[in-house]
Amino acid sequence: MSAVNVVIALDIAPELLERIRAVDGRLHVSVLNRAQRQAYRGGRRVHVVYRESQEPAHEDAEAARRSLLSVLGEAEVLLSSPIVPPELPQMAPKLRWLQLTSAGVDRLLESPILGSGITVTTASGIHAIPIGEYVLGAMLALAKGFPQAMAAQRERAWRPYLPEELHGMTVGIIGLGAIGREVARLAKAFGMRVLACRRSCQRPQERPPDAPEVDLLLPPSQLQRLLAEADYLVLAVPLTPETRGLIGPRELATMKRGARLINVARGSVVDEDALLDALRSGHLAGAVLDVFRQEPLPPESGLWELPQVLLTPHISGGTPRYMERAVELFCDNLRRYLAGEPLRNVVDPQRGY
């Protein structure tokens with residue numbers, strides 16, 4: 001194999017860049033500067049899950065666009081955030097493989113990229129630790145009444161209350177990928193009963209081999225059972241046509257009174273209006289939401305005003321180690337690519353992940 005041109009459309013620390021270059025001497029690695037990255041993204045902001053430097057942009061917009069096209073024109077491999085220009089196949093005619101730093105590809109579902117013949121791979125799996133910790137923190141916050149305690153603290157009011165335990169409670173996890181399995185592992189360590197639902201499951205299975213912490217794995221046809229038994233419902237599925245609106249009025253009504261919902265998937269997996277109704281009526285006792293149908297969440301959203309709801313700005317997967325983990329996966333895939341071996345996390349356009 002001759003030299004392989006790798007382009008990195010991200011801000012990247014020098015030590016991580018050296019890790020990529022050290023994979024193989026055949027790699028010719030180029031990094032877009034800030035002006036080129038801005039031209040690449042078309043002014044759209046990258047979601048903040050890792051730190052980006054504030055280096056000055058030394059080129060004007062038109063010059064940056066020209067230099068960007070020059071670099072992309074030779075690219076065979078591209079490492080990018082999920083904010084990818086839809087005209088990428090034309091901008092990078094030699095591109096064979098696009099590695100994303102995101103776990104999901106919902107931003108690309110309507111893009112011509114998935115049907116262009118370019119192999120797309122994701123960073124699925126690198127978010128398991130931070131999001132698993134987020135979910136456990138969310139369940140603990142709700143069980144121990146931290147939202148109401150913080151509200152009382154702001155008012156300098158002494159209001160004793162009776163907190164709950166997680167031990168013995170049932171968590172229902174929809175989506176048993178790397179994140180779902182990590183949530184199951186942590187929940188089991190707290191003495192919780194773990195139910196899960198996975199798309200590929202055909203019939204109920206106790207303690208599946210790849211997730212022994214799951215007490216019972218259910219097929220999608222038995223989602224209603226999971227909803228009815230869960231004290232805490234955790235959503236960890238990719239956004240696809242199949243999962244859009246998955247949790248609507250019927251599903252929320254099926255959940256037991258006093259249950260809580262935690263969404264670390266995508267906002268559109270849940271019918272937000274129905275969720276608001278379930279929270280306002282008291283049918284659901286609380287929710288922790290990191291993702292929303294519209295982001296940023298509009299100021300007029302009723303979710304802001306509910307005391308039993310915790311909102312975070314799509315940060316559950318964020319960590320100072322994000323890019324380190326993304327580069328580790330990318331380097332492994334680079335070795336596979338150069339050896340002609342199957343890549344990890346190849347996107348199936350039909351499934352949407």
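**Exercise 1.** Work out which residues of helix 2 and helix 3 meet, and how the two helices are oriented.

*Solution.* In this predicted model, A35, Q36, A39 and Y40 of helix 2 meet A64, R65, S67, L68, V71 and L72 of helix 3, where contact means heavy atoms within 4.5 Å. By class, these residues divide into seven nonpolar, two polar and one charged; Ala, Val, Leu, Ile, Met, Phe, Trp, Tyr, Cys and Pro count as nonpolar, Asp, Glu, Lys and Arg as charged, and the others, Gly among them, as polar. Next, take the axes, which are lines fitted to C-alpha atoms over the stretch in contact, with angles from 0 to 180 degrees between N-to-C directions: those of helix 2 (residues 34-41) and helix 3 (residues 61-72) lie 8 Å apart at an angle of about 85°. Helix 2 and helix 3 are therefore roughly perpendicular to each other, a term that covers 65 to 115 degrees. Helices here are DSSP runs (H or I, at least four residues), numbered from the N terminus.

**Exercise 2.** Decide whether C201 belongs to a disulfide, and whether C201 is buried or exposed.

*Solution.* A disulfide is a pair of cysteine sulfur atoms within 2.5 Å, and a search of the whole structure finds zero of them. C201 is in no disulfide, as the nearest cysteine sulfur, that of C197, is 7.4 Å away.

**Notes.** Residues are numbered from 1 along each chain as its sequence is written, and side-chain values use heavy atoms, leaving out hydrogens and water. Because the model is predicted, local features need pLDDT of at least 70 and side-chain atom pairs count only at pLDDT 80 or more, whereas totals for chains, interfaces and linings use all residues.

Terms used
Angles under 35 degrees count as roughly parallel, over 145 as roughly antiparallel, 65 to 115 as roughly perpendicular and the rest as oblique.
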